[in-house]
Amino acid sequence: MSAEDRPTAVVVGVDGTPAAHAALEWAAEAAARRGAQLRIVHGMGEDSVVAHGTPERRLAVQEARGYARDLLDDGAELVRDTHPGVNVVTVLAAEDAPDAIMEEARHGDVIVVGSRGLGAVRAMLHGSMSPRATSEAPCPVVFVPAHKDEPTPVGPSAPKGRIVVGVDGSDSSRRALRFGLHEALLSGAAVEVVNSWEVPLPADVSALEADAREAHEEVFDRQSEEIVAGVLAEVVDDQTENLDISAVRMQADPVEALLEAGRNADLIVVGSRGRGGVSGLLLGSVSQGVLHHALVPVAVLPPHSEDTD
């Protein structure tokens, strides 16, 4: 079977860190829910280069490969023990980890990576991951955090039954909502749609009469109501209309609104507008703040994540 003909998969990167372990656990659950293949990937990067190396260098590479193979085998064994019905495939690649993960991913898949906060995410998306990969990710990307106060893996947390989706009326937020609803169908979770806004006010707020300020805020409130109603009307279909769907609209910073709503959620879902793909999100958008501060998994929907070929 060629890579193109393989089953739909959840592709997860592992590197031996607690964050990667958390990502593996999330990915195993996701593969089980979907009835999908689980592809566990480790990228060797420069450690795989042995040409013209010294005997010491060649030995070091051999040891690194042995460690990588053990890492993959241990991950596969863990998944087979906890989710015996999941089809597990391990991939040891010569590329750097982000490129190896992107090379394995196809339309219809889900990519899962561990996140150690903004520093790690920034390093992955700006340092190792190529511009092609960040702008052309073919499927949703889920970032799974490792809690700072948990130095060793403690197993997946109990599901909370809530998925939070940020919407703003854009195509990217429609992608996010479709993904969130699909996840809810698979898990039985409720979906909470979040839209927030900040009212632009003059520097001297006291110069505004109270009535004028209230009227100004009401305009944005009505716009928010229309945005949420419009996105739901376009995205909810016969399959998802019976899901438990609620909406939260508030005057607040969008990052703070999503983090507050997602505090006790299983997943926060946001879209990418395509300005450099996921990389662009980390240049000053709402998603940067969410990825930086979220203590729960965050799914990002790149521009090409709904393509089918």
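This is a predicted model: local features need pLDDT of at least 70, side-chain atom pairs count only at pLDDT 80 or more; totals for chains, interfaces and linings use all residues.
Let me begin with strand 7, residues 190–197, which is mostly covered, since eight of its eight residues are buried; by buried I mean under 20% relative accessible area, with exposed meaning over 50% and partly exposed the range in between, using a 1.4 Å probe and protein chains only. Residues are numbered from 1 along each chain as its sequence is written, and side-chain values use heavy atoms, with hydrogens and water left out.

Strand 1, residues 9–13, runs parallel to strand 2 and is joined to it by five bridges, and Gly13 stands opposite Val41 in strand 2.

The next strand to look at is strand 10, residues 298–301, whose two faces are both covered, Val298 and Val300 being buried on one side and Ala299 and Leu301 on the other. Which strands are joined to strand 10 by bridges? Strand 5, residues 141–145, runs antiparallel to strand 10 and is joined to it by three bridges, with Phe143 having Val298 as its bridge partner. Strand 9, residues 267–271, runs parallel to strand 10 and is joined to it by four bridges, and here the bridge partner of Val270 is Val300.

Now to the charged side chains. A search of the whole structure finds 10 salt bridges, each being a side-chain nitrogen of Lys or Arg within 4 Å of a carboxyl oxygen of Asp or Glu. One of them joins the side chains of Arg34 and Glu183, at 2.1 Å from N to O. Because Arg34 lies in helix 1, residues 18–34, and Glu183 in helix 6, residues 171–187, this pair ties together parts that are 149 residues apart in sequence. Arg34 is partly exposed, at a relative accessible area of 22%, whereas Glu183 is buried at 3%. Arg33 also belongs to this picture, as Arg33, Arg34 and Glu183 are linked in a network of salt bridges.

Further along helix 6, Asp171 and Arg174 meet in a salt bridge of 3.1 Å, N to O, and they lie three residues apart, about one turn of the helix. Asp171 is exposed at 55% relative accessibility, while Arg174 is buried at 15%. Arg174 forms a salt bridge with Glu234 as well, the closest N and O atoms being 2.8 Å apart. Since Glu234 lies in helix 7, residues 210–235, and Arg174 in helix 6, that pair ties together parts 60 residues apart in sequence. Glu234 itself is exposed, at 52%.

Helix 6 also holds Leu177, which is buried at 0% relative accessibility. The C-alpha atoms of Leu177 and Val165, residues 12 apart along the chain, are separated by 6.0 Å.

Finally, Asp70, Asp73, Asp74, Glu77 and Asp81 form a negative surface patch. A patch here is made of residues with over 30% relative accessible area and no salt bridge, like charges being joined within 9 Å and nonpolar side chains (Val, Leu, Ile, Met, Phe, Trp, Tyr) within 5 Å. Asp70 is placed in helix 2, residues 55–82, and is partly exposed, with a relative accessible area of 45%.

Definitions and conventions:
Accessible areas come from the Shrake-Rupley method with a 1.4 Å probe; for residues, only the protein chains shown count as cover. Lys and Arg count as positive and Asp and Glu as negative; His and the chain ends are not counted. The place of a charge is taken as NZ of Lys, CZ of Arg, CG of Asp or CD of Glu. Two strands pair if DSSP finds at least two bridges between them.
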